[in-house]
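Keep the model open alongside and follow the pairings as they come up.

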Amino acid sequence: KSNQVIRKVIVEDKTKPIVTLGVDTLILDVHGKFVDPVVIVTDNYDMNLPYYRYIDDLNMDKLGAQKVDYYARDLSGNYSDHKTLTVLVVDREAPNIQLYGETYIKLNRWQQFTEPGFYASDNYISPLKIEISGTFNSTDSPGTFLRLYTVTDISGNKAQASRTIEVGESYSELKMNKDNSIFTILPQPASEKVTVLSSQVF
């Protein structure tokens with residue numbers, strides 16, 4: 001009689017699953033909501049395995065690059081390699097400029113210009129510094145001029161607003177005192193020569 005040999009065969013799954021990301025980098029707007037990219041988990045045996053996400057303090061209110069890790073585990077206890085997603089939080093929104101007062105201002109020549117005021121705000125950092133440029137420097141000469149207000153946030157987003165300033169020719173008014181010994185010209189010229197035409201003898 002031959003001896004009977006019994007072998008115990010253990011079938012094991014030692015192959016780890018594979019995690020694949022649809023993208024390696026995800027660009028999201030600051031203050032926005034984080035949404036997972038396409039994540040695919042494949043395995044040599046198990047089907048429809050879930051994936052797991054590991055986030056080390058993801059902050060959607062802070063600009064810059066951050067990391068999110070994805071991994072999977074099959075029913076045999078095999079863990080996949082981690083796949084890292086780079087989340088780039090950016091600011092693509094331009095700041096806002098608010099001009100107080102009128103955007104079209106008429107002045108007489110030599111009349112003093114008073115800035116009505118302005119304010120700039122941003123979705124990330126406020127307030128912002130406003131740079132003023134343009135063709136308007138003074139009311140010494142008549143003409144139509146542009147006063148340009150420009151603001152740039154830390155991400156390079158730029159916004160502009162402008163005022164149009166029209167300087168009209170000013171005709172002087174002659175005022176004399178009672179004994180005609182002193183006269184005043186209004187408005188006071190800054191640097192222009194003044195010619196007084198009068199038939200009156202002083």
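Let's start with a pair of neighbours: strand β4 (residues 51-55) and β5 run antiparallel and are joined by five bridges. Within that pairing, Tyr51 has Ala72 of β5 as its bridge partner. Keep in mind throughout that this is a predicted model.

β5 has another partner too: with strand β6 (residues 83-90) there are seven bridges, again in the antiparallel sense. Here Asp69 sits opposite Thr84 of β6. As background, strands of a sheet pair through backbone hydrogen bonds, either parallel or antiparallel.

| Strand pair | Bridges | A residue pair within it |
|---|---|---|
| β4 and β5 | five bridges | Tyr51 and Ala72 |
| β5 and β6 | seven bridges | Asp69 and Thr84 |
| β10 and β11 | four bridges | Glu131 and Thr150 |

Now zoom in on one residue of β5. Gln66 lies in this strand, which covers residues 64-72. Is Gln66 buried or exposed? Gln66 counts as buried because its relative accessibility is 13%, and the cut-off for buried is under 20%. What does its side chain find there? A polar atom of the Gln66 side chain lies 2.8 Å from the backbone oxygen of Asn59. Setting aside neighbours within four places in sequence, Gln66 touches Asp57, Leu58 and Asn59 on one stretch of the chain, and Leu85, Thr86, Val87 and Val89 on another.

Val87 is worth a look from its own side. Again leaving out neighbours within four places in sequence, the contacts of Val87 include Gln66, Gly64, Ala65 and Val68, along with Leu26, Leu28, Phe34 and Leu58.

Val87 also turns up in the largest nonpolar core, a set of 17 residues. The residues with the most contacts inside that core are Val19, Phe34, Val68, Tyr70, Leu85 and Val87. At least two core residues come from each of β1 (18-21), β2 (25-29), β3 (39-42), β5 and β6. There is also a second, separate core of nine residues, with Ile97, Leu128, Val151 and Ala159 among them.

Next, an open sheet. Four strands line up in the order β8-β12-β11-β10, and the pairing is mixed. From one strand to the next, the twist averages 25 degrees. For β10, the partner is β11, antiparallel over four bridges, and Glu131 is bridged to Thr150 of β11.

β11 itself covers residues 143-152, with Gly143 in it. Leaving aside neighbours within four places in sequence, Gly143 contacts Ile165, Glu166 and Val167. The C-alpha atoms of Gly143 and Ile165 are 8.3 Å apart, although 22 residues separate them along the chain.

Finally, step back to the whole chain. It has zero helices and 14 strands. Of its 202 residues, 29% count as buried. Among contacts between residues at least 6 apart in sequence, 54% join residues at least 24 apart. The chain exposes about 14,400 Å², with 49% of that supplied by carbon and sulfur atoms.

Methods. Residues numbered from 1 in each chain as written. Predicted model: local features only at pLDDT ≥ 70, side-chain atom pairs only at ≥ 80, totals over all residues. Heavy atoms only, no water. Buried < 20%, exposed > 50% of the residue type's maximum accessible area, 1.4 Å probe, protein only. Polar contact = N/O pair within 3.5 Å; in protein donor to acceptor, adjacent residues only side chain to side chain. Contact = heavy atoms within 4.5 Å. Areas by Shrake-Rupley, 256 points an atom, 1.4 Å probe, with all protein chains shown as cover. Pairing = 2+ DSSP bridges. Core = buried A, V, L, I, M, F, W, Y, C linked by side-chain atoms within 4.5 Å. Axes fitted to C-alpha atoms, helices over the stretch in contact; angles between N-to-C directions.
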